Structures are given as C-alpha cells and as structure tokens.
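Q: I would like a close look at one part of this protein. Please keep it brisk.

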Amino acid sequence: MTYRYTVHATPIGAAVAVFADDAIVALGTAEEPLWVVEAVARELRGDLRAERTDIAGLGAQIGEYFRGDRTGFDVEIDWRLARGFARDALQAVCRVPYGETTSYGDVAAMAGRPRAARAVGTACRLTPLTLVVPVHRIIRSDGSLGEYGGREHIKQQLIDLERRR
C-alpha cells in the first residue's frame with residue numbers, strides 16, 4: 001500500500017502527517033522530518049509518497065491550534081499502529097479536555113485497567129499520533145510533567161499554550 005505524507009512547520013518542529021486515504025495513521029514532530037518518514041515507513045511496511053496538498057485540511061488545523069483558535073482536530077484517525085491496551089489508552093487520552101491535564105493512572109482507569117499506569121506511560125511515549133492524540137496532557141500523579149519523547153520543554157509549551165486560551 002502507498003501512504004501519503006505532508007510536512008507542516010510548527011513552533012515545536014516539523015509536523016509530519018502520514019495518511020491512508022483521508023485517515024491519519026501517524027503524526028510526529030521532529031527537527032528532522034525525514035527521520036519520522038523513515039520510521040513510519042518501516043512500521044507500516046509500505047511506501048510513503050510526499051503530497052503537496054493539505055490532506056484533510058490538517059495543516060490548516062495545526063496552524064489554528066498553535067494560534068489558539070482550535071481546541072481539537074477534525075480528522076479521522078486510523079489506529080493501525082496502536083495495538084491492544086496501547087490503543088485503548090490512547091483512545092482514552094483523546095477524552096481529556098483541551099486545557100486540562102490528568103495522570104497516567106487516571107487514563108489507565110478510563111481505559112479499563114486502573115493498575116496499568118506504567119503501560120499508559122509507555123503508550124504515550126510510543127504514540128504514533130502526537131498533537132491529534134493529546135498525550136502532552138498526561139502527567140505524573142505527583143503533578144510533575146513526565147517525559148514527552150525526551151522533550152519535556154515541548155510538553156510544557158503545549159500545556160501552557162492550551163492553558164492560556
């Protein structure tokens with residue numbers, strides 16, 4: 001199968017969005033967008049073709065999000081890269097309201113496994129879908145941020161962006 005991808009500039013680095021038809025399969029941010037493209041292509045075991053158009057209007061939505069004009073993303077999610085409990089956890093993360101945070105343990109309970117806070121942390125760390133699945137809203141039970149792909153300052157920036165609105 002051939003997947004399409006677009007790259008959008010954001011204040012936190014390039015956002016690489018990978019689509020199967022009009023559903024988003026992956027969204028990653030990085031200083032080097034080709035790293036995201038190569039990693040997703042390996043995971044999908046398919047070809048990725050660059051697309052010049054704004055697939056599903058996601059680029060415009062990302063811009064609106066960072067301007068503070070959008071509180072969520074209106075794009076269909078293809079969950080093929082999230083399996084088992086990780087998928088359940090990430091779907092629960094999607095229910096955390098804009099501008100709010102909750103703990104890994106709370107998400108575990110929302111996903112039906114209240115003792116699986118560490119598994120939620122792993123799902124958030126390995127999510128194929130950043131921003132669209134707002135894993136930056138999930139923090140430790142002691143109130144500290146926790147990691148965000150090794151970029152805790154980005155997690156803080158996203159939380160601050162949402163709280164300012």
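Which residues have the most contacts inside the largest nonpolar core?

A: This is a predicted model, in which local features need pLDDT of at least 70, side-chain atom pairs count only at pLDDT 80 or more, and totals for chains, interfaces and linings use all residues. Residues are numbered from 1 along each chain as its sequence is written, and side-chain values use heavy atoms, with hydrogens and water left out.

I24, L27 and L58 have the most contacts inside the largest nonpolar core, which has 40 residues. Such a core is a set of buried Ala, Val, Leu, Ile, Met, Phe, Trp, Tyr and Cys residues joined through side-chain atoms within 4.5 Å. Buried means under 20% relative accessible area, exposed over 50%, and partly exposed in between (1.4 Å probe, protein chains only).

At least two core residues come from each of β2 (13–20), β3 (23–30), α2 (58–67), α3, α4 (104–110), α5 (117–125) and α6 (152–164). Helices (H or I, at least four residues) and strands (E, at least two) are DSSP runs, numbered from the N terminus. The most comes from α3, with five residues.

Now take L58. Beyond its neighbours within four places in sequence, L58 is in contact (heavy atoms within 4.5 Å) with A17, F19, I24, L27, F73, V75 and V132. Apart from the largest core lies another, of 14 residues, including V16, A30, V40 and L48.

D78 is found in the loop between β5 (76–77) and α3 (84–93). D78 counts as buried because its relative accessibility is 16%.
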